Amino acid sequence: MSARTTSSERRADTAGQTQPDTRRRPLPGDPDRRARLERILRVDLAGEYGARRIYDGQLAVLGRTKAGPTIQHMWEQEAEHLDYFEKAVPRHRVRPTALQPLWHMAGFALGAGTALLGEKAAMACTVAVEEVIDEHYANQAAQLSDDGEEGELKRAIEKFRADELEHRDTGLAHGAAETAGYEALSAVIKAGSRLAIWLSERY
Ligand SMILES: [Fe+2]
Ligand SMILES: [Fe+2]
């Protein structure tokens, strides 16, 4: 009987083993992890594209005013963010959003439309959009690990988030909150931005 183990010995063996925790440490090919990476890259490329279009619209109206250089500086930072995602999306073989033509038009219309209301309204638009993007990037960074490709993406997102917060502060310093109907304008732009994020994660 020495070659056979008793049922209690088998139980002890199983209990003593360290089972890999696949829930906390997904394998590299994990479909959930891949889906998350795709969702993040797709929506961020769309968002940074839309952001640059907002500043294109603002510059078309206010480029030659005293606010021009300030808006141009924010445009350049958005172009840098966009460049990162334009390279990362094909590198990770992610399908870009099908809604890019919509963000092309909607971004410009939002930027130019608020700029036509005046410099303060343009700045109110920036503040509203950047507050939503701040939440969005913080949420994404919290989902990403610190290692490997995810870590690289996480560090880029954290850097861009700091730039977006700077844009929000610039908007506030330029009197965004003094815009007539600021609360309502801000609420509409935030709702639109959240809808754009929701759509770009999926389509
Ligand atoms: Fe950006
Ligand atoms: Fe921004």
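R93 sits in the loop that links helix 3 and helix 4. Helices here are DSSP runs of H or I with at least four residues, strands are runs of E with at least two, and both are numbered from the N terminus. You're looking at a predicted model, where local features need pLDDT of at least 70, side-chain atom pairs count only at pLDDT 80 or more, and totals for chains, interfaces and linings use all residues. Residues are numbered from 1 along each chain as its sequence is written, while chains are lettered from A and ligands numbered from 1 in the order written.

**Exercise 1.** Work out whether R93 counts as buried or exposed.

*Solution.* 
- Start with the rule: 20 or more other C-beta atoms within 10 Å of a residue's own means buried, 12 or fewer means exposed, and in between is partly exposed, with C-beta atoms placed from the backbone.
- Now count: R93 has 8 C-beta neighbours inside 10 Å, so R93 is exposed.
- While you're there, check the backbone: phi of R93 is near 50°, which is positive although the residue is not glycine.

**Exercise 2.** Describe how helix 3 packs against helix 6.

*Solution.* 
- Two packed helices are described by the angle and the distance between their axes.
- Axes are lines fitted to C-alpha atoms over the stretch in contact, and angles run from 0 to 180 degrees between N-to-C directions.
- Helix 3 (residues 68-91) and helix 6 (residues 148-173) have axes that come within 11 Å and cross at roughly 160°.
- That angle makes helix 3 roughly antiparallel to helix 6 (under 35 degrees is roughly parallel, over 145 roughly antiparallel, 65 to 115 roughly perpendicular, and the rest oblique).
- Next, who touches whom? T70, M74, Q77, H81 and Y84 of helix 3 make the contact with A156, F160, D163, H167 and T170 of helix 6 (contact means C-beta atoms, placed from the backbone, within 7 Å).

How values were computed
Two residues are in contact if their C-beta atoms, placed from the backbone, lie within 7 Å.
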